[in-house]
There are 2 protein chains.
Amino acid sequence: MIFSTNSKVLEKVLSKVFPAVPARTPMPILENYLFQIEEGKLTITATDIEITLRSSIFIDSTENAEMVVPAKLLFDIVKSLGDTLINFEVDPVNSKMKLKTETGYYNIGYASAEEFPKIPDVNHDKKFGIAARQLKKSLDQTSFAVSKEAIRPAMMGLLIEFNMEGLRFVATDGHRLVRYSLLSEKSEIPEQYVVPERATSVLSKLLVEGNVEVALNDSTISFLLEDVELTSRLINQKYPDYSSVIPLENEFRLKVKKSELQSSIKRMLLFTTTNYQQVKLTLTTDQLEITAENIEHGSSAKEMVSCEYMGDAMSIGFNAGFLNDVLSHLDDTEAVFKLHSPTKACIIEPLTQKENEDLMMLLMPVRINN
Amino acid sequence: MIFSTNSKVLEKVLSKVFPAVPARTPMPILENYLFQIEEGKLTITATDIEITLRSSIFIDSTENAEMVVPAKLLFDIVKSLGDTLINFEVDPVNSKMKLKTETGYYNIGYASAEEFPKIPDVNHDKKFGIAARQLKKSLDQTSFAVSKEAIRPAMMGLLIEFNMEGLRFVATDGHRLVRYSLLSEKSEIPEQYVVPERATSVLSKLLVEGNVEVALNDSTISFLLEDVELTSRLINQKYPDYSSVIPLENEFRLKVKKSELQSSIKRMLLFTTTNYQQVKLTLTTDQLEITAENIEHGSSAKEMVSCEYMGDAMSIGFNAGFLNDVLSHLDDTEAVFKLHSPTKACIIEPLTQKENEDLMMLLMPVRINN
């Protein structure tokens, strides 16, 4: 059989689907693209079993066919070809796919589509639409705090929560927590879905413009973008009751310029030990002193950062790396810290919330070494 | 004692000297900068024993002093400070160096200058001047071909050769050879010096504009740039007689557009095995066919490249990676291959040499698998 397409059109669709190809896998078949040609449409699928990406283009073809082709090799070849027409000839006797251009002939082996894992079509119970940019922001704002530790599998995913207060995205690793809410998307029936971190990170890179249709059932979530569909298994574990750790009565308030505090914290990181990364914030009326010490190297640092503070004088310790992460994801020029004591969770928020949004970050303090 | 300087001025000089600090070393003292303060001048030195970098700035200081300070920590701190005045206070009782800025205090430990390896002042027998850009081009054009294998230590360096035909830079790893000559710099007395690859790669990054004074003796070479001096040990081994491998009677000529050939070779690399990277060039009158085959993956490729060829029809094999390297360093839009047979060294040159320059590259063919 024969089909043909422009190299740049093909490159674009291969690039959209490629992120699902696993870098290392015990199942070599997953290092391939599944090609499905039906009625002049080529559908390309890649999967690592957990997530699946799929996209289609129209091609000139004479027959229907299915096959699996080495993903990296094909993608590299097509990228290297420049802008040209590619004629594909499939030779089923030798299991070879031949690419012909004006100046070159390229043969690559292919395997039967039977060997590729079946990607079941899913019936979804729930659907909603969201702007790509809004979804991207929701993921980027929160997924940094997803746990990397397999002890509690639910925390290795991003919680998507529907309730009366809005559509919420929540991530926590036990040391910090981020809750980002879209206030306009309220739901009568509360529901929770936990999406694996790999799905959110692959999805975030694919999101640019337009609208996304999200479809859900108990075990699967699909994101239908304009030119590619991502499907992911959900994490089948109950998410911890995160709201119980959010303190309601943190009465002390520190207001500080985000960029000033963050550049100070970045310098302090040079003076912390790799394992603990401890910084100490000493608060007195309208005065913030930040200190760090690396006993191993005999180095230490102290800085004064201008601020507004209303509350009891106290010294509180944080992991400087975590604090830096939190500040990096704070979408405002000024940060507000809500505190109660050196041992109680600290809440960090933007001074002004964006319209229809609510961002709350929580950071657990660390015990200060004396 | 006390001294002060602007952070950006200090950052610049630290960055010039930092490349000599070894990334890994069994001698921790080498992970430091040597600071020498004398009469209002701060000289900063770093060395990995083989190469040494040294640069100076004028500072406000009250006393002379010497000490060694952790290179990476100090460089990172100074980079992170923004544009500010830094006041240094040295506390010899506790071996602490304190940096003070308007908002911060930073303490780092230092050690005695006695512990730092002595960098002897060198008397040089030979000196010459060269434009920085010209020297940079000479290094970049050739050093890619320096051998990485320790079997023949001389070939792990770049040969700088003075003779009647010019100032020559030569590198070879036994598979390929590059000879780049500056025809205007002729010398009556032939001399050879072999510079370690690390010196040439560090030097190349420092060369931007202005003039360089090069000083030589039997064991050492120094490059005095406008704001930094690099000194390197020479490789104390005789360089192989490279001219004996350059064929004089390669009578067949292939002329080809460099970019066309190179993009073809890059595609062919996708179809070669990692170990051998073999491509086959089949030459007939005015026709160049390039083929590659990866038996492991059952993939193969064939391309036609337009050319002018005068000579006997032949098929010749090359390492595609080496051929790509050679073409990357060919300073012309058209390449000329001078050939004799599939088993004899091939010469590759630009169609037109630049004024006062002569570039000759040589590539050994590989046996073609049939």
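Modeller: What follows is a close look at one pair of helices in chain B. This is a predicted model, in which local features need pLDDT of at least 70 and side-chain atom pairs count only at pLDDT 80 or more, while totals for chains, interfaces and linings use all residues. Residues are numbered from 1 along each chain as its sequence is written, and chains are lettered from A and ligands numbered from 1 in the order in which they are written.

Two packed helices are described by the angle between their axes and the distance between the axes. Here the pair is α5 (residues 258-269) of chain B and α6 (residues 320-328) of chain B, where helices are DSSP runs of H or I with at least four residues, numbered from the N terminus. The crossing of α5(B) past α6(B) is left-handed, meaning that the near helix is turned anticlockwise from the far one by less than a right angle.

On the α5(B) side, the residues that meet α6(B) include K258(B), L261(B), Q262(B) and I265(B), and among their partners in α6(B) are A320(B), G321(B) and L323(B); contact requires C-beta atoms, placed from the backbone, within 7 Å. By class, this contact has seven nonpolar, three polar and two charged residues, with Ala, Val, Leu, Ile, Met, Phe, Trp, Tyr, Cys and Pro counted as nonpolar, Asp, Glu, Lys and Arg as charged, and the others, Gly among them, as polar.

How values were computed: Axes fitted to C-alpha atoms, helices over the stretch in contact; angles between N-to-C directions. Helix = DSSP H or I, 4+ residues; strand = E, 2+ residues; numbered from the N terminus. Contact = placed C-beta atoms within 7 Å.
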